[in-house]
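Colleague: I would like to go through this structure with you. Could we begin with the charged side chains and then turn to the helices?

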Amino acid sequence: MKTDAEPIDDEKKEKTFEYRSYGKGELAMLYLPDIQQQSAVDRFNKWIAAAPGLKERLIATGMNPRSRSYTPAQVRLIVEVLQEP
């Protein structure tokens, strides 16, 4: 018997990363889900500082180190360097 339902493909079940605005804590937790949020943010900021040219590129997009979120363009830059969480 043929059904109209398409078989579930493992790739379709996997959620793709969405390029949108993220709170800094929210994005850090996607990369480091198993630690406390502030620790994740601190470590994530170290990763950004250690990645050659990333911090400068983020600042060039208008990022303020004191801001509490990343724009979609900033998220794209981060993912280019650190890969998808």
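**Salt bridges, helices and core**

Modeller: Let us begin with arginine 20 and glutamate 26, whose side chains meet in a salt bridge, at 2.6 Å from N to O. Please keep in mind that this is a predicted model.

Colleague: Which other residue forms a salt bridge with arginine 20?

Modeller: Glutamate 18 does, with 3.9 Å between the closest N and O atoms. A salt bridge here requires a distance within 4 Å, so the pair at 3.9 Å is counted.

Colleague: How many salt bridges does a search of the whole structure find?

Modeller: Three are found. Another of them joins glutamate 80 to arginine 57, with the closest N and O atoms 3.0 Å apart. This pair links distant parts of the chain, since glutamate 80 is in helix α5 and arginine 57 is in helix α4, 23 residues apart. Arginine 57 is partly exposed, at 37% relative accessibility.

Colleague: Changing topic, what is the nearest side chain of opposite charge to lysine 24, and how far away is it?

Modeller: It is aspartate 42, at 11 Å. Lysine 24 is buried yet has no salt bridge.

Colleague: What does lysine 24 touch, then, leaving out residues up to four places away in sequence?

Modeller: With those left out, lysine 24 touches Val41, Asn64, Pro65, Ser67, Arg68, Ser69 and Tyr70. Lysine 24 itself lies in helix α2, which covers residues 24-31.

Colleague: Which residues of α2 are buried?

Modeller: They are Lys24, Gly25, Leu27, Ala28 and Tyr31. They cover an arc of only 165° around the axis, which puts them on the same side of α2. The buried residues of α2 pack against β1 (22-23), α3 (37-50), β2 (69-70) and α5 (72-82).

Colleague: And for α3, which residues are buried, and which are exposed on the other side?

Modeller: Ala40, Val41, Phe44 and Ile48 are the buried residues of α3. Their arc around the axis is only 100°, which puts them on the same side of α3. Gln38, Lys46, Ala49 and Ala50 are exposed on the other side.

Colleague: Why would residues three or four places apart point the same way?

Modeller: An α-helix has 3.6 residues a turn, so residues at that spacing point the same way.

Colleague: What covers the buried residues of α3?

Modeller: The cover includes α2, α4, β2 and α5.

Colleague: Finally, how many residues are in the largest nonpolar core, and which have the most contacts inside it?

Modeller: That core has 19 residues, and those with the most contacts inside it are Leu27, Phe44, Tyr70 and Ile78. The elements that give two or more residues to this core are α2, α3, α4 (54-60) and α5.

Colleague: What does isoleucine 78 touch, again not counting residues up to four places away in sequence?

Modeller: Isoleucine 78 touches Leu27, Tyr31, Phe44, Ile48, Leu54, Leu58, Tyr70 and Gln83.

How values were computed
Residues are numbered from 1 along each chain as its sequence is written. This is a predicted model: local features need pLDDT of at least 70, side-chain atom pairs count only at pLDDT 80 or more; totals for chains, interfaces and linings use all residues. Side-chain values use heavy atoms; hydrogens and water are left out. Helices (H or I, at least four residues) and strands (E, at least two) are DSSP runs, numbered from the N terminus. Buried means under 20% relative accessible area, exposed over 50%, partly exposed in between (1.4 Å probe, protein chains only). Lys and Arg count as positive and Asp and Glu as negative; His and the chain ends are not counted. Contact means heavy atoms within 4.5 Å. The arc is that of the directions from the helix axis to the C-beta atoms. A nonpolar core is a set of buried Ala, Val, Leu, Ile, Met, Phe, Trp, Tyr and Cys residues joined through side-chain atoms within 4.5 Å.
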